[in-house]
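Welcome, and please take a moment with the sequence and the 3D view.

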Amino acid sequence: MALNADVIALLDEFKDIRHKIHQHPEVGLETAQTVVLIKSKLDEYGISYENIGVNSLVAEIKGKAGDTTVAFRVDMDGLEMSEENDFSYKSQVEGRMHACGHDGHCTSLIALAAYLSKHRDFNGTVLLLFQSGEEGYEGALRVIEDSFFDKYKVDYMFGFHAWPGLASGKIAVHNGACMASEDRFEIMVTGKSGHASMPHVCNEPFAAVADIIKGLQTIVGRKVPSHERGVVSITQVHGGSLRNGIPDNVMVQGNVRTCNEDVQDLIEESIAQTVAGACAIYGVKGVLDYVRKHPVLINSTPDVARKAAEKVVGPENVVTDLESSMAAEDFAFFMKHTKGCYVWIGNGVDSPPLHNSKFDFNDEILPVAASFFIAVIDELL
Ligand SMILES: [Zn+2]
Ligand SMILES: [Zn+2]
C-alpha cells in the first residue's frame with residue numbers, strides 16, 4: 001500500500017482529533033462545535049475558509065496557476081442513539097453517537113488540509129467542504145442553496161463513506177449508481193365513518209387499504225424489470241380509534257429505493273395507479289403524497305477514482321463489482337450539478353454495521369482516505 005508519508009507522520013494527531021469529535025457528537029444541522037474544532041485546525045494550517053449552508057464550512061486552497069477546481073466533501077453529523085462501546089473516547093453525550101463514521105470522514109479531510117498546507121504544488125484549486133446534516137436533514141441542499149456552485153466553479157467533486165464488511169485496505173468504486181434514491185409516500189384513504197354494526201350506511205376505508213398494501217407489494221416483482229433493483233416498503237398504517245366504529249380515514253406510509261431514475265418514475269406511477277384503482281373499486285377517496293427525498297447517487301468519473309485508488313491500495317485492492325447500496329446519501333445532490341465520484345473505503349470485515357450502537361470508524365483508514373484524496377489531486381491537477 002502506498003499511503004502518503006506526510007499523513008502517516010501525523011497519524012497520531014489525526015487519531016486524537018477523530019476521538020475528540022467522536023466524544024462530542026452533534027446531530028443534524030447543529031454541528032457548530034465540530035465546525036469550531038475544524039476551524040481551529042484550519043487556522044493552525046493557515047488555510048482560509050467561509051461558512052456555507054447551515055453550520056457547514058468550505059475551505060479554498062489555491063495551488064499554482066490552473067483553471068480546474070476539485071472539491072472534496074465530507075459529512076460531520078452523528079445520530080440520536082446511545083453508544084454501547086466502552087473505549088476511552090466513547091460518546092460523552094447520552095443519546096448521541098457517531099454511528100455512521102462521519103467523525104472519521106471529517107478527520108480525513110482535516111488530514112488532507114494539513115497535507116495541502118505544505119504541498120501547494122498542484123495546478124488549480126482544491127475545495128474542502130465539511131457538510132452538516134447528511135442524515136436526512138438536507139445539509140447538502142442547504143449548501144447548494146447558499147450558492148455553492150455560483151461562488152465556486154466546481155469541475156469535480158469526490159466523497160467517501162467508511163464501509164463495514166469491506167476489508168480496511170480496500171476501496172470500492174462503482175461504475176454508475178453507487179447509492180440508491182430514497183422517496184417517501186403517504187396515502188390517505190377517506191371513506192365515511194359510522195357504527196361498526198351498520199357498515200352499509202358507512203363507507204369503510206379498510207378494504208381499499210388492504211388492496212393497496214397487497215398491490216404495492218407486487219410492484220417490484222411484477223413491474224420493475226428483473227435486471228433492475230427496487231424496494232417498496234410499507235412503514236406505517238394508522239386508522240381508527242374505536243372497537244365498534246368504522247373510521248373516516250386510514251393513513252399508509254412507505255419508503256421507496258431504486259438505483260435508476262427510470263425505475264423511480266415507474267414505481268411512483270405504479271403506486272398512483274394502485275391507489276386510484278383500489279379506491280375506485282370500493283368507492284373511497286385516495287390521496288397520494290409522493291416526495292422524492294434523495295436522488296440516485298450516480299458516479300460520473302469512476303475512472304479517475306479507480307486510478308487514484310489503485311495508486312494508494314494497489315489494483316488488487318480496488319473492488320469494482322459490488323452492488324450499489326439501497327441506502328441513500330445526500331452527496332447525490334452535488335452530482336446533479338457537477339461531475340465526480342463517491343467511493344467506499346473498507347472499515348473492516350468484522351466492523352459492526354453502520355448505525356449500530358457498537359459501530360466505530362476504523363482509524364486505520366484515515367490515511368487511506370487522505371491518501372486517496374491526494375491521489376485524486378495528482379490525477380486531476
Ligand atoms: Zn448514516
Ligand atoms: Zn453516513
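## Ground rules

This is a predicted model, in which local features need pLDDT of at least 70 and side-chain atom pairs count only at pLDDT 80 or more, whereas totals for chains, interfaces and linings use all residues. Residues are numbered from 1 along each chain as its sequence is written, chains are lettered from A and ligands numbered from 1 in the order in which they are written, and side-chain values use heavy atoms, with hydrogens and water left out.

## The chain as a whole

The chain holds 12 helices and 16 strands; these are DSSP runs numbered from the N terminus, helices being H or I with at least four residues and strands E with at least two. Along the principal axes, its C-alpha atoms fill a box of roughly 80 × 40 × 40 Å.

Of the 381 residues, 55% count as buried (buried is under 20% relative accessible area, exposed over 50%, and partly exposed in between, with a 1.4 Å probe and protein chains only). Among contacts with a separation of 6 or more, 81% come from residues 24 or more positions apart; contact means heavy atoms within 4.5 Å.

## The zinc site

Let's turn to the metal. C100 (SG), H102 (NE2) and H161 (NE2) coordinate the zinc ion (ligand 2) at 2.1 to 2.3 Å. Donors here are N, O and S atoms within 2.8 Å of the metal (3.2 Å for Na, K and Ca), and water is not among the atoms, so sites may look incomplete. The donor residues follow the spacing C-x1-H-x58-H in sequence. Distant parts of the chain are linked by the pair H102, in helix 4 (residues 102–118), and H161, in strand 5 (residues 156–164), which are 59 residues apart.

H102 and H161 are both buried.

## Two contacts of helix 12

Helix 10 (residues 302–313) packs on helix 12 (residues 366–380) at an angle of about 125 degrees, with the axes 8 Å apart. That makes helix 10 oblique to helix 12. Axes are lines fitted to C-alpha atoms, for helices over the stretch in contact, and angles run from 0 to 180 degrees between N-to-C directions; under 35 degrees is roughly parallel, over 145 roughly antiparallel, 65 to 115 roughly perpendicular, and the rest oblique. In this contact, residues of helix 10 including V304, A308 and V312 meet residues of helix 12 including F372, A375 and L380. By class, the contact residues are 11 nonpolar, one polar and four charged (Ala, Val, Leu, Ile, Met, Phe, Trp, Tyr, Cys and Pro count as nonpolar, Asp, Glu, Lys and Arg as charged, and the others, Gly among them, as polar).

Helix 4 also packs on helix 12, at about 50 degrees with the axes 8 Å apart, and these two helices are therefore oblique to each other.

A162 lies in strand 5 and is buried, with a relative accessible area of 0%. Leaving out residues up to four places away in sequence, A162 touches H105, I345, N347, L354, F361 and I365. A162 and G104 are 58 residues apart in sequence and 8.0 Å apart in space, C-alpha to C-alpha.

K293 sits in strand 13 (residues 285–294). K293 counts as buried, at 15% relative accessibility. With residues up to four places away in sequence not counted, K293 touches G136, E138, E182, D183, R184 and F333.
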